[in-house]
Amino acid sequence: MGIPFNRVSGSQSGSLGIPSQQFRETVRAALGRESGAPAEPYEVLTQELPEIEAQAQAARDRIARERPELLDQLAATAGLRGWNVQRCEGAEEGLDYVAWLVRSLGATSVARSEQPVFDTAPVDAAVAGAGGLCWPAVYDGPASRTEVRQRLAESGMGITGADYAIAETGSVVVLPRRGLSRLVSVVPPVHVAIVRPSDVVGTLDDLFALRRLEYARDGGEMGSYLNFITGPSRTADIEQTIVVGVHGPREVHMVLLNKE
Amino acid sequence: MAEVVTRQFVPASQAAVKDAQLRQALRRAGTGFDGTRREAIEEVTPGVWEQWRVQARRIKEHTIGHLDYYLEMLERNVTAAGGRVHFAVDAEQANAIVSEIARANGVWTVTKSKSMVSEELGLNHVLEAQGIDVFETDLGEYIIQLADETPSHLVAPALHKTRGQVAQLFADQLGVPYSDDIEEMARIARVVLRQKFLDADMGISGANFLVAETGSLVIITNEGNGRLCTSAPRVHVGLAGMEKVIPSLQDLAVFLRLLPRSATGQRITSYMSMVTGPRRSEDEDGPEEFHLVIVDNGRSRLLADPALRESLYCIRCGACLNVCPVYQRVGGHAYGWVYPGPIGSIVTPGLVGVGQAKDLPNASTLCGACRDACPVQINIPRMLLHLRHNIAEGPEQYEGTGSDTESLLARGFASVMSSPRLLNIGRRIGRRLLAPIAKGGVLGPTRIPLVSRWTRARDLPIPAPRSFSEVWRDELAGQQSNRSGD
């Protein structure tokens, strides 16, 4: 490793380049318009919290009604996009699948996040039963960062939950935060995502409606990162030939639970 | 700024047409990308596709039309999330900003995820001159960085290279045994770059979209390098042209549907990452600092001309390249700068100056395939005609871009074509002069003085023995009256 990850940063001053005011003046002059908001306001942006809430609630109600169909659609679409989809009745069956994977890959080190899904699905024991060691990829203070990264780089598998899964696109959505490292789903060569029925949404519009509500409620806190994962890492940069597993996982497994 | 060799379009395109390997690569890519794009449209049905296009265009129209307002909203929200926004009028300033961020943070190693703006700025060489190691991590970008070339396509930068050429490049530059197995080459890149990801102090990414309402930067990728660049280093710098803003998170949905399908025919890419400020203190990981550099670099010129403004709606999917009969024959490098193909023929003159790139608007047959393919319905042929018109007899900022000879010839041609008498005389003289040297009614490529640039690349059909009006008078008009008499 080069310079330690947590090194104190240097530049604390404000903006570089030209003042934003001046930049906007140039843009305004090019457009030939007066400053201020658009004369005709942009509809989505005029919504107040109750409206955003109503929209999100409508999405939730529809999702609840259509849940069985959405689970089928998610399984089908995710399969087409390169996920290995394993549908399971409940957590126990899901863990059997994880154990089988660990055994067949011969993975000795398995990284996982710390998420509520593992409270009902005790994955550590399942992995141990298959001959692997499952460890939480969380940092105990800055000193352990280097160590955690090194361990991640040597792990054969990373297991996470899903904050959402989108039936329209076959995507798992993760919102990295405390307990959920950004790296655990991208550094190891195999990623396993455990998806509960309550994680599933129908469309991209559903997802953004729900995120907008969280954003509006949290007084404008979006969270630093949001990531869609749809199938394995891939490239077609040499002669349009598809190769999987370039910088991210070559193999991704979606363990889709029918019951929480 | 990246070196501009747009003046060389004519010789460069002539050379490209003769390059058999390039032709093969272009054919494969063009039919591949465009074929899957069409399949993807059929799948959602053309009716739905049109609705998405209309919706996306409306969003772009509104945002670009009030760009100053949305830039302010974006800046406010990036800042609220703990990030910093910097504005650059030109390439030099943008490069200076990134250099300063690197200097202030003691950066020695940079990993980059694909960014066309950074290609436009020529950023890598500036950072390297400062003693910083810069690694492109998108496989295509990594290949062209090793070859010290520019991208030849908006989404597939190394499209012009065959597997054999890449294998040789890897053997020469990385000291690995020659292997033209594509899986093996991807594996080598993975191994080499994996260590760089862990070592890097700074990650640089482009931006597909900037969401004003939340202050988020959105990148759409397939390899996973974008996720590593924005997660592992302690500083993240996002680079974006100022036109990338969209108002709301909800607007993202339609663009996530349009962009991958238009670019590669994928229904969605492997990854979509949305970055909102640096890591929060309770987060497990992520950069300590997030900087967003917003670049003008000539875009305000395109914005100021209402006839060219819609070129800023472009989402850089590359669909217009894949359907363009000119791009498909000459490839991206002939265009002489960073943005090739139909949209490049408008954006490049706008950003580097029309005087530098006056051949580009002519590099089109005006067939309209680009307009039909564009996911935001940009009317590219109309803008190409606008540029041609301005170059020929345009307003002052275009002065000196036209050719006097060409303009004289065009005027002569116009007066002949608008007078039946002159046209008739011209036809007779032309036929008498050309008939003896023509073969099969056609004069092959020749060098006729003054117009040789036209005639040496085209077959010239010799004028017919009788004009249409003569044929009409003597035969067709008679038939017409016979028929009506039946």
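Mentor: B:Glu100 sits in helix α5 of chain B, which covers residues 91-104. The model is predicted, and everything below is computed from it. B:Glu100 is partly exposed, because 17 other C-beta atoms lie within 10 Å, and a residue needs 20 or more to be buried. In sequence B:Glu100 is 375 residues from B:Glu475, and the two C-alpha atoms are 79 Å apart in space.

Helix α5(B) has 14 residues. From its first C-alpha to its last it reaches 20 Å, close to the 20 Å expected at 1.5 Å a residue. Its buried residues are B:Ala91, B:Ala94, B:Asn95, B:Ile97, B:Val98, B:Ile101 and B:Ala102. Seen down the axis, these buried residues of α5(B) fall within an arc of 155 degrees, so they line one face of the helix. Their packing partners in chain B include the strands β1 (84-88), β4 (202-205), β7 (235-241) and β10 (289-295). The helices α6 (116-121) and α7 (123-129) of chain B are also among the elements they pack against. After the helix comes B:Gly106, with a positive phi near 60 degrees.

Helix α2 of chain B, residues 20-44, can be read in the same manner. At 1.5 Å a residue its 25 residues should span 36 Å, and the end C-alpha atoms are 37 Å apart, which agrees. The buried residues of α2(B) are B:Leu22, B:Ala25, B:Leu26, B:Ala29, B:Gly30, B:Phe33 and B:Arg37. They pack against α1 (9-17), α12, α14 (319-323) and α15 (327-330) of chain B. Just after α2(B), B:Thr45 has a positive phi of about 80 degrees.

In general, nonpolar side chains tend to be buried together in soluble globular proteins. The largest nonpolar core here has 209 residues, and those touching the most other members are A:Val98, A:Val173, A:Val195, B:Val218, B:Leu252, B:Val293 and B:Cys320. Helix α12 (residues 252-263) of chain B gives this core its largest share, 8 residues. Leaving aside residues up to four places away in sequence, B:Val218 touches B:Ala207, B:Asn208, B:Phe209, B:Val211, B:Leu252, B:Met272 and B:Met274.

The two chains also meet: 93 residues of chain B are in contact with 73 residues of chain A. On the chain B side, the largest share, 9 residues, comes from α10(B). That side divides into 41 nonpolar, 27 polar and 25 charged residues.

Helix α6 of chain A, residues 145-154, has A:Val148, A:Arg149 and A:Leu152 buried. These three cover an arc of only 100 degrees around the axis, which puts them on the same side of α6(A). A:Glu147, A:Gln150 and A:Glu154 are exposed on the other side. The buried residues of α6(A) pack against β2 (109-112) of chain A together with α10 (182-199) of chain B.

Last, the domains. The domain assignment gives chain B a domain 1 (6-300) and a domain 2 (404-485). Taken over C-alpha atoms, the centres of these two domains of chain B are separated by 50 Å.

Key. Residues numbered from 1 in each chain as written. Chains lettered and ligands numbered in written order. Predicted model: local features only at pLDDT ≥ 70, side-chain atom pairs only at ≥ 80, totals over all residues. Core = buried A, V, L, I, M, F, W, Y, C linked by C-beta atoms within 7 Å. Buried ≥ 20, exposed ≤ 12 C-beta atoms within 10 Å, placed from the backbone. Helix = DSSP H or I, 4+ residues; strand = E, 2+ residues; numbered from the N terminus. Contact = placed C-beta atoms within 7 Å. Expected span 1.5 Å × (residues − 1). Domains from an automatic or database assignment. Arc of directions from axis to C-beta. Nonpolar A, V, L, I, M, F, W, Y, C, P; charged D, E, K, R; others polar.
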